[in-house]
Amino acid sequence: MLALLAERASHGYELIKALDERSNGYYAPSPGMVYPALTYLEEIGHASVEVQGAKKLYSITAAGLTHLEGQRANVDALLEQLAYIAKRMEQMRHAMGGGAAATTRPISMRRRPSAVRGRGRHAAGEPEVRAARRSLKSALIEKSARPSAEQRRIAEILERAAAEIRGDSAAK
């Protein structure tokens, strides 16, 4: 959080959004995590707060900058990990057939169909379908860093499966 505040003063919601964007939708901390952390940073003198109506604008202090620089290697490693996760999320969306339209916004910011809203993105369907979907997702994650020949083999399998699910006669 200090690294984000060092980039620019922010409201709590903006910090949540920034982490969501940096991880490409993989990690969006809850307000219940962010606001107590900001309060703690303020209490120990690493952040200051400016009340703007009903909102609070948090800024890093000189003490916060000193602490941040002392932790720079850890912070950089964490930010690199978020960038890596964002890249892997993009690869997974592409592997799952999301295409460009599905990757324009992080998952957590996309609107879900009303039939599944509030029950999780993949809650629709029978238990067997949900279990199979989880199994497929797990297998794709396990194989996502394989060589391109293996990636092409996986893509062919997925295309055949999709065609068979749709009932295309060419898949049979």
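View 1. Tyr27 is partly exposed, with a relative accessible area of 36%, where buried means under 20% relative accessible area, exposed over 50%, and partly exposed in between (1.4 Å probe, protein chains only). Tyr27 lies in the loop between α2 and α3; helices (H or I, at least four residues) and strands (E, at least two) are DSSP runs, numbered from the N terminus. Together with Tyr26 and Met33, Tyr27 makes a nonpolar surface patch of about 310 Å². Patches consist of residues with over 30% relative accessible area and no salt bridge, like charges being joined within 9 Å and nonpolar side chains (Val, Leu, Ile, Met, Phe, Trp, Tyr) within 5 Å, and accessible areas come from the Shrake-Rupley method with a 1.4 Å probe, only the protein chains shown counting as cover for residues. The model is predicted, with local features requiring pLDDT of at least 70 and side-chain atom pairs counted only at pLDDT 80 or more, whereas totals for chains, interfaces and linings use all residues. Residues are numbered from 1 along each chain as its sequence is written, and side-chain values use heavy atoms, with hydrogens and water left out.

**View 2. The whole protein chain.** The protein chain has eight helices and two strands, which follow the pattern α-α-α-β-β-α-α-α-α-α along the sequence. Of its 172 residues, 26% count as buried, and the chain exposes about 11400 Å², of which carbon and sulfur atoms supply 56%.

**View 3. The largest nonpolar core.** This core, a set of buried Ala, Val, Leu, Ile, Met, Phe, Trp, Tyr and Cys residues joined through side-chain atoms within 4.5 Å, has 17 residues, of which Leu2, Leu4, Leu5, Leu15, Leu38, Ile60 and Leu68 touch the most other members. The elements that give two or more residues to this core are α1 (2–7), α2 (12–22), α3 (31–43), β2 (55–60) and α5 (72–95). Beyond its neighbours within four places in sequence, Leu4 is in contact (heavy atoms within 4.5 Å) with Leu15, Ala18, Leu19 and Arg22.

View 4. Arg22 forms a salt bridge with Glu7, with the closest N and O atoms 2.6 Å apart, a salt bridge being a side-chain nitrogen of Lys or Arg within 4 Å of a carboxyl oxygen of Asp or Glu. Arg22, at 29% relative accessibility, counts as partly exposed. A salt bridge also joins the side chains of Glu14 and Arg8 (3.9 Å, N to O). After α2 comes Asn24, whose phi is positive, near 55 degrees.

View 5. With 24 residues, α5 reaches 34 Å from its first C-alpha to its last, close to the 34 Å expected at 1.5 Å a residue, the expected span being 1.5 Å times one less than the number of residues. Its buried residues are Val75, Leu82, Ile85, Ala86, Arg88, Met89, Met92 and Arg93. The side chains of Arg72 and Glu69 meet in a salt bridge (3.1 Å, N to O), and salt bridges that share partners join Glu69, Arg72 and Asp76 into one network. Just after α5, Gly97 takes a positive phi of about 85 degrees.
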